[in-house]
2 protein chains.
Amino acid sequence: MAAQRRIDLVLDSVKRLLRIGATANLLNLLQKQHPADLAQIFSALADKDREAAFSLLADRNGRLAMEAVSELGPEAGAGLLATRSAEEIAKLAQEIPSDDAAALIDNLPEDLSGAVLNLMRPKESGVVENLLEYDEQTAGRIMNPHVFALSEDITVGEAITELQTNRDVEMVFYLYVVDERRHLVGVTSLRRLLLVSPETPLKRIMTAELISARVDMDQEEVARQVASYNLLAIPVVDEENKLVGVITVDDVIDVIKDEATEDIYRLAGVAGDERAFTPAGESLRKRLPWLGINLITAFLAASVVALFENTIDQITALAVFMPIVAGMGGNAATQTLTVIVRGIALGELTWGNARKALFKEAIVGVSNGVILGLVAAAVAWATRGSATLGLVLCAAMIINMFVAATAGTLIPLGLRAADIDPALASSVFITTLTDVIGFFSFLGLATLFMRYLVPGL
Amino acid sequence: MAAQRRIDLVLDSVKRLLRIGATANLLNLLQKQHPADLAQIFSALADKDREAAFSLLADRNGRLAMEAVSELGPEAGAGLLATRSAEEIAKLAQEIPSDDAAALIDNLPEDLSGAVLNLMRPKESGVVENLLEYDEQTAGRIMNPHVFALSEDITVGEAITELQTNRDVEMVFYLYVVDERRHLVGVTSLRRLLLVSPETPLKRIMTAELISARVDMDQEEVARQVASYNLLAIPVVDEENKLVGVITVDDVIDVIKDEATEDIYRLAGVAGDERAFTPAGESLRKRLPWLGINLITAFLAASVVALFENTIDQITALAVFMPIVAGMGGNAATQTLTVIVRGIALGELTWGNARKALFKEAIVGVSNGVILGLVAAAVAWATRGSATLGLVLCAAMIINMFVAATAGTLIPLGLRAADIDPALASSVFITTLTDVIGFFSFLGLATLFMRYLVPGL
């Protein structure tokens, strides 16, 4: 929290210096910040201030400015970058690793990104263009193609010399070993180099069994590998097992966060790339389709109520209690759904052990239904003086919570089996179902037992 | 996906070998697995099979068995471990790092954990007990206290010798430097040691400015630091800045996943530690309170409907359309809430920039209300032949979606300011509010404009 307070203080100073136009002091202050802190400061500034601060910094310290832009994430970062000319962007893009540059350039408006790629140094733009050829959300897209590799035929001493001469390669903790045609054949570590004599052949101290990712592997799977095997980096190979890049754990952390955000969002019907400060128009465009689908399903549920208008006409009290049945089913379904969807995302739940989960959820659902149904029945009986109304309410709640539990388990598992993200579509199915079943069971039972319900209740 | 298929195949073999009692083959197969894969296999087995497989492995290869148990997570891991005697657990616990052992022992039944600590070698149990003294979810609890440190007064050559003689310390990528009283004074890397001559004083190549975590720092904050500064590990210091441990990025990944799960769960009213295979009784106990609160709020909303029973009695069609107003408000509120809660969790949203977010959400809310309200109004008019009913429906939806948007922004921010987790309590407040406002605005407007509504509609 101390770090947050420090950033808030810097933010206040930045705002003040911008207001009084003290550019020299402002530049001085900005240059002292860590890129991650700068990103946080940028995102908290008003649009005009953010652009002013970024311009100022970009002119003086392009690398730091670009690192901050990278930390903002591809969308927000590209938005800020797009305020500059193509020439400037091309120059700035060369200050950061090609994978980060590729992510930013990919998010620029199309004509601008084309112009930028044309203006970049041919070698750099080639690397960036290659990265952009891989599908989004694959290993190829997030890897760093500048991977340091050692030949399998050298000695430990030669390896150390090579490390000493390549001072500018990115931080190396794993040392990947390749054959003469750059096939990945093993891995060793800096530490192990130090533990043996310099004449030892590198082959002798390398581990041949290593975990790698194919360029076309889904980034979520890459993250799962890195996380479950506690890796600091994973080498990326092409279809011939040639080493083409490396993904470091910090990129994996970003993937894990993004995927978690996506899961949280999808359960709520929000697009994965929406953020708190996405412009209102864009948010509206992204949220409206989901609400539109919900409106259709709401009318579907309403039409179930309409089937029983005669019943409601005779016993108005039913209109008072019917949202309780539907709502409680929806809440119980959301609980089940969330546990199941997260279980699938964390890899704990598969078709193989689905029966066990289904059985458990059914027990929990019925138990919840019985307990809460009895409470609701008691309240209905006490306030309305009709035991039958209470019984109908209780029975409808048990039915609806049983349906909520089984559907909340089976729908996400079924979607997963059909290769559809279970988080995406589950919640709209589920709440429609609990509304429809809730209204139908409650009003249906009430119609069946109409003559036992106090008339004009 | 290939990795998953391999694990499924191994799982099938494990089940088969257990069934036919081929323990030698089974042991052979288990010993070839990575701890993370073993954990996945264990969690997919039925309870009896899991215990049998674990027993078998624990007797032969205690370290691997315990690494797998660690990977299962503290709760599930402790559950499996608790099937063994205190003596066996004490012996097995010494096979893994003390932080992992502490997490497991802490989750054992109380009498068993006491017995285990008594039986462990005094030195080891002391370390574990020390760790258990730190609060849960703090840096102290998740750090590894066996941290390798170099004295600031030695040369690079001496540092390399020290590394060569301490072969059993955990993987080192950052080398922390301490003064004679073990105060943390700097950091360097293995790589930098190789780039200078052996006589160089270590002080000369270390970075004095480094990011560290206090033992009492919240683990979520630790994760945020490691993630935003792209660190591979963070040193942990006590209140006097003495180096007491290190937290590596793999532990941070676990924290990030757990915190994401907690956020997802809390939004749905599920306890953070529930998993797909938590026993039914425990799940019921954890979910019931939330549903109980929801039942109370459902009755609150129902009592709003009850206020207007006379109106519904005259125009039954209102009972058909009222769930639409409440439901759409709830859906819109969930979207806003999710974006805001996630924005707070990712550190993008603070009180400082809250006004901007509020303004945006209000615009999106009203726009959604107008668009969807008009559609709903058209449907109501077309199906019921009453333009007034349509207008009342439209107006109520606009009001409710505006309330949903502003409350969906302000409630989580307010809870955060009051130091309550915004994900925890927001959704129950919000859905109650959208139900109450939805019913009240729709039925209230209908009552006001009763004489324009087609009687007996």
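**Figure 1. A salt bridge joins B:Glu274 to A:Lys360, with the closest N and O atoms 3.4 Å apart.** A salt bridge is defined here as a side-chain nitrogen of Lys or Arg within 4 Å of a carboxyl oxygen of Asp or Glu. Across the interface of chain B and chain A, the rule finds six salt bridges. This is a predicted model, in which local features need pLDDT of at least 70, side-chain atom pairs count only at pLDDT 80 or more, and totals for chains, interfaces and linings use all residues. Residues are numbered from 1 along each chain as its sequence is written, chains are lettered from A and ligands numbered from 1 in the order in which they are written, and side-chain values use heavy atoms, with hydrogens and water left out.

**Figure 2. The interface of chain B and chain A buries about 10,000 Å² between them.** Buried area is the accessible area (1.4 Å probe) that two parts lose on being put together, summed over both. Of the area buried here, 68% lies on carbon and sulfur atoms. In chain B, the residues that lose the most area to chain A are B:Arg191, B:Phe277 and B:Gln335, together 8% of what that side buries. In terms of contact (heavy atoms within 4.5 Å), 108 residues of chain B meet 109 residues of chain A.

**Figure 3. Chain B is superposed on chain A by a rotation of 180° with 0.1 Å of shift along its axis.** This is the relation of a two-fold axis. The same surface serves both copies, since 100% of the contact residues of chain B recur in chain A. The RMSD is 0.2 Å, for a least-squares superposition on the C-alpha atoms of residues with pLDDT of at least 70 in both copies.

**Figure 4. A:Phe308 and A:Phe440 form an edge-to-face aromatic pair.** Their centres are 5.8 Å apart, with 70° between the planes. Rings of Phe, Tyr and Trp (its six-membered ring) pair if their centres lie within 6.5 Å; planes under 30 degrees apart count as stacked, over 60 as edge-to-face and the rest as tilted. A:Phe308 lies in the loop between helix H17 (280-307) and helix H18 (309-314) of chain A, whereas A:Phe440 belongs to helix H22 (residues 422-448), 132 residues apart. Helices (H or I, at least four residues) are DSSP runs, numbered from the N terminus.

**Figure 5. Within chain A, A:Glu274 forms a salt bridge with A:Arg287.** The closest N and O atoms are 2.7 Å apart. A:Glu274 is in the loop between helix H16 (249-268) and H17, and A:Arg287 is in helix H17.

Methods:
Helix = DSSP H or I, 4+ residues; strand = E, 2+ residues; numbered from the N terminus.
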